[in-house]
Amino acid sequence: MSTNSISSKARIGSNVSLGDYVTISDDVEIGDNSIIESYCHLGYSNGREKGELVVGKNAHIRSHSICYLGARIGADLVTGHHVVIRENSTIGEGFQLGSGSIVMGELEIGDHVKTGSRVEIGQKSNVGSFVWIFLNTTLINDKYPPSLEIDGPTIADFAVIGAHSVIYPGVRVGFDALVGSGCFLSRDLPDLTIAVGNPSREIGPVTRIKLEDGASPAYPWRHRFQRGYPEELTQKWVREADELAAL
């Protein structure tokens, strides 16, 4: 006897693996070769969703996770345990969401974004592609809580946000910028710039951080770290690094 509750209206691709006590509601599409572990609910409704839930192929959603209707998620989603992806989220390919994290909905996230555990991405946030958000970080959106003035942060491509950080409403984190661990970022951070502290302060370009050899820059990170990314991208990143080294 099945322990699952699967709507006959759901569209489930081929070779999809379901654990025990999985609920899949109406208006849900799950791509081929996906894994949905036990105690997950796909297609949860709170009445504010705009459309169906779409989960791309090759997803791996770990146990006790909830995805609301109205979210559209690209291929290769990977989650930890006990995550929530709320309504009307638009999320690109290769999203990795750490255990205990929540995507609050009404937002956009690009391709190949990776988060640690216990990360909260607030409504109206706009996160670019190839962004790293480390554990216990919050992107907040309410300027005068509680209020209706919701304005999420913007995180540009390739930015890194260190653990235990808070990004304030409406703040922009620049392209290839670095937010140090424990930083409370309350003002815009330019491209290729480091911010640290509470209150936050800028301390210079990311290229000032060197590897242990004392000569090679640790940032931009993609010039030294390519694991887990598509080969056509990593080849481009390696060429960029070689061109910079030749200058």
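This is a predicted model: local features need pLDDT of at least 70, side-chain atom pairs count only at pLDDT 80 or more; totals for chains, interfaces and linings use all residues.
Residues are numbered from 1 along each chain as its sequence is written, and side-chain values use heavy atoms, with hydrogens and water left out.

Helices (H or I, at least four residues) and strands (E, at least two) are DSSP runs, numbered from the N terminus. In helix 1, T234, W237 and A241 are buried, where buried means under 20% relative accessible area, exposed over 50% and partly exposed in between (1.4 Å probe, protein chains only). On the other side of helix 1, E232, E243 and A246 are exposed.

S101 is found in the loop between strand 15 (96-97) and strand 16 (102-103), and S101 counts as buried because its relative accessibility is 1%.

There are eight salt bridges, a salt bridge being a side-chain nitrogen of Lys or Arg within 4 Å of a carboxyl oxygen of Asp or Glu. One of them joins the side chains of E87 and R48 (3.8 Å, N to O). E87 lies in the loop between strand 13 (84-85) and strand 14 (89-91) and R48 in the loop between strand 7 (41-44) and strand 8 (53-55), so the pair ties together parts 39 residues apart in sequence. E87 counts as buried at 1% relative accessibility, whereas R48, with a relative accessible area of 48%, is partly exposed.
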